[in-house]
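Me: Could you walk me through reading this fold, strands and helix included? I'd like the general idea each time and then the case at hand.

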Amino acid sequence: MTAIGADLGTKASPVNLASEGEQRLEAWLLLPDRDRAELLGGRIVYKAMAGIEHGAAAGNVFEQLGRLQGPPGVGGGWWLSQEVDMFLSGQGLRPDVVGWRTDKNPRPPHKVNIGSRHLGVYITPPDWVCAVLSTSTRSKDMDDGIKWQAYHEAGVSHYWLVDLSREQILVYQHGERNYEPIAVANIRDVKPLAPFEAVEFVTRRVFLLASFVKAES
C-alpha cells in the first residue's frame, strides 16, 4: 500500500466560472443522475453503469456509519451523505459516500447556485470521502490522479478506497504532498478505521454481495 499522489505531476487546474467553465459546469449539473457523470479536467466524463455490488458496498459503508449522523448529543458529530454533486479544486465530483465534521460545520453544508439557471452544487470541502473501486472507475479514482489532486488541494483529510476485486478497504490520510496510507481493512477485519474511531467497522458486510457475484462469475 503506497502513497497516492507522489508522482502526479502538475496539479489540477481550476475551472474559470466566469465564462466557458461556468457553461461546462452548468452542462454537467443539468445531466440526469442516471448518467453518472463527473466534470474532470474541464470535460464531462461518463462512468460505466455500476454493478449491484458497487451500490451495495457504498450503501453498507453509509449504513455502518449511520449512527454518527448528526451533531454531538444527537448523533456522532458527522453529516454523511451519498453521491453528492461537488465542485472542488476546479473539478466536478460525485463521491460514493462523503462526510463533514459537525465541529467544523455546525450546520449541514448547503448548495450554492451556479449560473442563470441557479443550479445547485456543494463547494464546502468534506473531511472524508469514500470511493468504491470497480473496473470502470479504478483509473479515475486511483491511477489518473485528477480526483486525488482535487481532494488533496481542497484539504480532504481522509480518503477511503473500497476495492471490490481485492475485497479490501484502503485508508489514506492527507499528507503534505500526497495521500499517505495509514490502514488496510481485509475482509475478515473488524476494527475502527480513521477518522471514525468510535465505530468497529465490519469489513465483511461491505463485500457480502460482491463475494457472491465473484463466486458465480
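**Strands, a helix and a core**

Reply: Let's begin with strand pairing: E11 and strand E12 (residues 179-186) run antiparallel to each other, with 7 bridges between them. Keep in mind that this is a predicted model.

Me: How many residues join E11 to E12 in their hairpin?

Reply: The hairpin connects E11 to E12 through 4 residues.

Me: Which way does E11 pair with E10, parallel or antiparallel?

Reply: Antiparallel, over 6 bridges. Asp-163 sits opposite Gln-168 of E11. That hairpin has 4 residues between its strands, and one to look at is Glu-167, with a positive phi near 55°.

Me: What should I expect of side chains along a strand?

Reply: In a regular strand they alternate between the two faces of the sheet. As for burial here, 5 of the 7 residues of strand E11 (residues 168-174) are buried, so the rest of the structure largely encloses this strand.

Me: Now the helix. How far apart are the end C-alpha atoms of H2?

Reply: They are 18 Å apart. The check is to count 1.5 Å a residue: helix H2 (residues 52-64) has 13 residues and should span 18 Å, so the two values agree.

Me: Which residues of H2 are buried?

Reply: His-54, Ala-57, Ala-58, Asn-60, Val-61 and Gln-64. Look down the axis of H2 and these buried residues fall within an arc of 160°, which means they line one face of the helix. On the face turned away from that buried side you'll find the exposed residues Ile-52 and Glu-63.

Me: What covers the buried residues of H2?

Reply: Quite a list, including strand E3 (78-82), strand E9 (128-133), strand E10 (158-163) and helix H5 (203-206).

Me: Then let's get to the core. How many residues are in the largest nonpolar core?

Reply: It has 24 residues, and those with the most contacts inside it are Val-61, Leu-65, Trp-128, Trp-160, Val-162, Ile-169 and Phe-201. The elements giving two or more residues to this core are H2, E3, E9, E10, E11 and E14.

Me: What is Val-162 in contact with, leaving aside its neighbours within four places in sequence?

Reply: Among its contacts are Ala-57 and Val-61, along with Cys-130, Val-132, Ile-169 and Phe-207. Apart from this core lies another one, of 23 residues, including Val-45, Leu-93, Tyr-151 and Tyr-179.

Technical notes
Residues are numbered from 1 along each chain as its sequence is written. This is a predicted model: local features need pLDDT of at least 70, side-chain atom pairs count only at pLDDT 80 or more; totals for chains, interfaces and linings use all residues. Side-chain values use heavy atoms; hydrogens and water are left out. The expected span of a helix is 1.5 Å times one less than its number of residues. Buried means under 20% relative accessible area, exposed over 50%, partly exposed in between (1.4 Å probe, protein chains only). The arc is that of the directions from the helix axis to the C-beta atoms. Contact means heavy atoms within 4.5 Å. Two strands pair if DSSP finds at least two bridges between them. A nonpolar core is a set of buried Ala, Val, Leu, Ile, Met, Phe, Trp, Tyr and Cys residues joined through side-chain atoms within 4.5 Å.
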